[in-house]
Amino acid sequence: MKLVPLFDRVVLKQLVAEETTKSGIVLPGQAKEKPQQAEVIAVGPGGVVDGKEITMQVKAGDQVIYSKYSGTDVEVEEEKYVIVKQSDILAVIQ
């Protein structure tokens, strides 16, 4: 099965959360924050959304930082993804 986003939506796969702090303390599962960095898996076609022309600024393979509480979590074939609007993406990591 393949996820194909519509309009200005982007499918992201979260990067793995750190399990230890910089000082070496191991974090239990509940203490780990949801990572805000992800890899772009698929990008919608853009188009007219709410009367505005949207051109997509990211592409598959980009690593991005996105808003902390944005998006919809989905699971497809035991893989977890987040679907966000392009406007929820804050930066591309280069």
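**View 1. Strands β1 and β2 pair in the antiparallel sense over five bridges.** Two strands count as paired if DSSP finds at least two bridges between them. Strands are DSSP runs of E with at least two residues, and helices are runs of H or I with at least four residues, numbered from the N terminus. V10 has V43 in β2 as its bridge partner. The model is predicted: local features need pLDDT of at least 70, side-chain atom pairs count only at pLDDT 80 or more, and totals for chains, interfaces and linings use all residues. Residues are numbered from 1 along each chain as its sequence is written, and side-chain values use heavy atoms, with hydrogens and water left out.

**View 2. β2 and β5 run antiparallel and are joined by three bridges.** Opposite Q37 stands I65 in β5. E39 stands opposite Q63, again in β5.

**View 3. Six strands form an open sheet with antiparallel pairing.** Their order is β6-β7-β1-β2-β5-β8. β6 and β8 (89–93) are the edge strands, each pairing on one side only. Direction ignored, neighbouring strands of this sheet are turned by 45 degrees against each other on average. The protein chain as a whole has eight strands and zero helices.

**View 4. The largest nonpolar core has ten residues.** These are V10, L12, A38, V40, V58, V64, Y66, V82, V84 and I89. At least two residues of this core come from each of β1 (9–14), β2 (37–43), β5 (63–66) and β7 (79–85). A nonpolar core is a set of buried Ala, Val, Leu, Ile, Met, Phe, Trp, Tyr and Cys residues joined through side-chain atoms within 4.5 Å. Buried means under 20% relative accessible area, exposed over 50%, and partly exposed in between, with a 1.4 Å probe and protein chains only. In soluble globular proteins, nonpolar side chains tend to be buried together. Of the 94 residues in the protein chain, 24% are buried.

**View 5. L12 and the residues it touches.** Leaving out residues up to four places away in sequence, L12 touches A38, E39, V40, I41, V64, Y66, Y81, V82 and V84. A contact means heavy atoms within 4.5 Å.

**View 6. S70 lies in the loop between β5 and β6 (72–76).** S70 is buried, with a relative accessible area of 9%. Its side chain reaches the backbone oxygen of S67 at 2.9 Å.

Terms used:
Polar contact = N/O pair within 3.5 Å; in protein donor to acceptor, adjacent residues only side chain to side chain. Axes fitted to C-alpha atoms, helices over the stretch in contact; angles between N-to-C directions.
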